[in-house]
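Here is a friendly briefing to read alongside the model. Have the sequence and the 3D view open, and follow the topics in any order you like.

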Amino acid sequence: MSVFEQPDFDSHEEVAFFDDKSSGLKAIIAIHSTALGPACGGTRMYPYADGDAALVDVLRLSRGMSFKSAMAGLPLGGGKAVIIGDPATDKTEARLLAYANAINALGGRYVTAMDVGIVPADMPVIARGTKHIAGYDQPGKTGGDSGPLTALGVFVGLKAAVKHRLGADTARGLTIAIQGLGKVGMGLAERLRAEGARLLVADVDAARVKKAVERFDARAISTDEIVTIECDVLSPNAMGAILNDRTIEQLKARVVAGGANNQLERDEHGAKLTANGVLYAPDYVINGGGIIRVAGQIYEWSDAEIECRVLAIGDTLSRIFTRAEREALPTSIIADRMAQERIAKA
Ligand code: NAI
């Protein structure tokens, strides 16, 4: 199937295929839009079943990056790259350097960062061959760990959601179920606890659960139960597709606000949440702290400016919630529309 016939093709500005025989690199870089700035998004290395599967992924992910950066108010467009291969066995220095050349071929219209399969140690290798790279620790320019800023954005976004739906000015006294206690979930738990929330927590890693129980007086819940337990807010901070036909019908929370990417299994699940009276904070808006961190490194913003932009995530979400109510549409659709409007205006 040609690129043009792919259902996920959204008039992307450019889709570039790289097949470097000498290194064995096979990669696709998709630039969805540069209307707001250079297309930025991570590189994913994954053993895709075939080229079509890789193409679908890169088309979808690059469009998602356009929307994410637009809603974070950043001077960045949306792009993404996929390297076809198993990161455990197929990653060689020669391939990473060939990949750097591929990025250079796009003349700065695409700036890469990290994604699944690319680890911090790979970034300086790619950076030997290209300057169009960000989102990792560089000498004199920290930028690697975006977890704390993502957690801050989720915290202010969650508060905007409970203010809108429950009329609560703080998280004090609210029961909040946190799924996933990694960089984002643990940071969020700390902030919520400091404000007096009651925490229910779940993680497949028992040591992380123990830590949260001890540090935040949280109650441990099984990973199956956490999504459907009685609570005010569900905060997914682990894997995607957690909001689906099965879970939405059993959801007791009135607000869903968490940092995980791709929380809706399918687009229609946004409408299902609305129909069931659940306020959903669109994932790519509430978890914008990570891309704001990357933008801050590219444009050399001060820590204060970066934080200010992350705090604005709360206001952006409030505008989405208000408009969704006014237009009687799901918040997920309103977020997409607002992102498309921002891109079109540019
Ligand atoms: P992480 O890898 O540090 O933490 C994920 C946690 O989820 C781990 O503790 C893991 O054990 C747990 N987990 C995995 N499967 C689970 C399950 N079935 N039930 C309960 N817990 C489970 O990842 P991080 O950085 O905290 O990211 C969390 C989510 O936020 C991911 O979806 C990520 O894509 C998204 N995100 C992260 C950003 C960042 O800056 N770190 C930026 C934007 C999105």
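Helices (H or I, at least four residues) and strands (E, at least two) are DSSP runs, numbered from the N terminus. With that in hand, G108 is found in the loop between α2 (93-105) and β5 (110-114). This is a predicted model, where local features need pLDDT of at least 70, side-chain atom pairs count only at pLDDT 80 or more, and totals for chains, interfaces and linings use all residues. Residues are numbered from 1 along each chain as its sequence is written, and side-chain values use heavy atoms, with hydrogens and water left out.

**Around the ligand**

- The shell around the ligand holds 22 residues, and S146, T150, D203, R208 and A238 come nearest; a residue is near a molecule if one of its heavy atoms lies within 4 Å of it.
- A polar contact is a pair of N or O atoms within 3.5 Å; within protein, one must be able to donate a hydrogen and the other to accept it, and residues adjacent in sequence count only if both atoms are side-chain atoms.
- For D203, a polar side-chain atom lies 2.6 Å from an oxygen atom of the ligand.
- For K183, a polar side-chain atom lies 3.0 Å from an oxygen atom of the ligand.
- In the side chain of N261, an N or O atom is 3.0 Å from an oxygen atom of the ligand.
- On its own the ligand has 830 Å² of accessible area, of which the protein covers 75%; accessible areas come from the Shrake-Rupley method with a 1.4 Å probe, and for residues only the protein chains shown count as cover.
- Two or more residues of the shell come from each of the elements α4 (147-166) and α5 (183-194).
- By type, the shell divides into seven nonpolar, eleven polar and four charged residues; here Ala, Val, Leu, Ile, Met, Phe, Trp, Tyr, Cys and Pro count as nonpolar, Asp, Glu, Lys and Arg as charged, and the others, Gly among them, as polar.

**Nonpolar cores**

- In soluble globular proteins, nonpolar side chains tend to be buried together.
- A nonpolar core is a set of buried Ala, Val, Leu, Ile, Met, Phe, Trp, Tyr and Cys residues joined through side-chain atoms within 4.5 Å, and buried means under 20% relative accessible area, exposed over 50%, partly exposed in between (1.4 Å probe, protein chains only).
- The largest nonpolar core has 61 residues, and those with the most contacts inside it are I176, I178, L192 and L199.
- Helix α4 gives the most to this core, with eight residues.
- L199 touches I176, I178, A189, L192, R193, F216, A218 and R219, not counting residues up to four places away in sequence; contact means heavy atoms within 4.5 Å.
- A second, separate core of 24 residues includes L25, I118, M123 and Y136.

**Buried polar residues and a buried glycine**

- Q6 lies in the segment before β1 (14-20), and counts as buried because its relative accessibility is 5%.
- Leaving out residues up to four places away in sequence, Q6 touches M1, D52, L55, V56 and L59.
- T316 lies in helix α12 (residues 313-327), and its 7% relative accessibility is why T316 counts as buried.
- Apart from neighbours within four places in sequence, T316 is in contact with M71 and V285.
- G108 has 19% relative accessibility, so G108 counts as buried.
- Beyond its neighbours within four places in sequence, G108 is in contact with P38 and H132.

**Positive phi**

- Most residues other than glycine have a negative phi.
- D217 has a phi near 55 degrees, a positive value in a residue other than glycine.
- D217 sits in the loop between α6 (206-216) and β8 (219-220), and counts as exposed because its relative accessibility is 59%.
- A328 is not a glycine, yet has a positive phi of about 50 degrees.
- The loop between α12 and α13 (331-345) is the place of A328, which counts as exposed because its relative accessibility is 67%.

**Pairs across the model**

- E195, in the loop between α5 and β7 (198-202), is 93 residues from A102 in sequence and 48 Å from A102 in space, C-alpha to C-alpha.
- G108 and F216 are 108 residues apart in sequence and 45 Å apart in space, C-alpha to C-alpha.
- T274, found in helix α8 (residues 268-275), is 213 residues from L61 along the chain, and their C-alpha atoms are separated by 25 Å.
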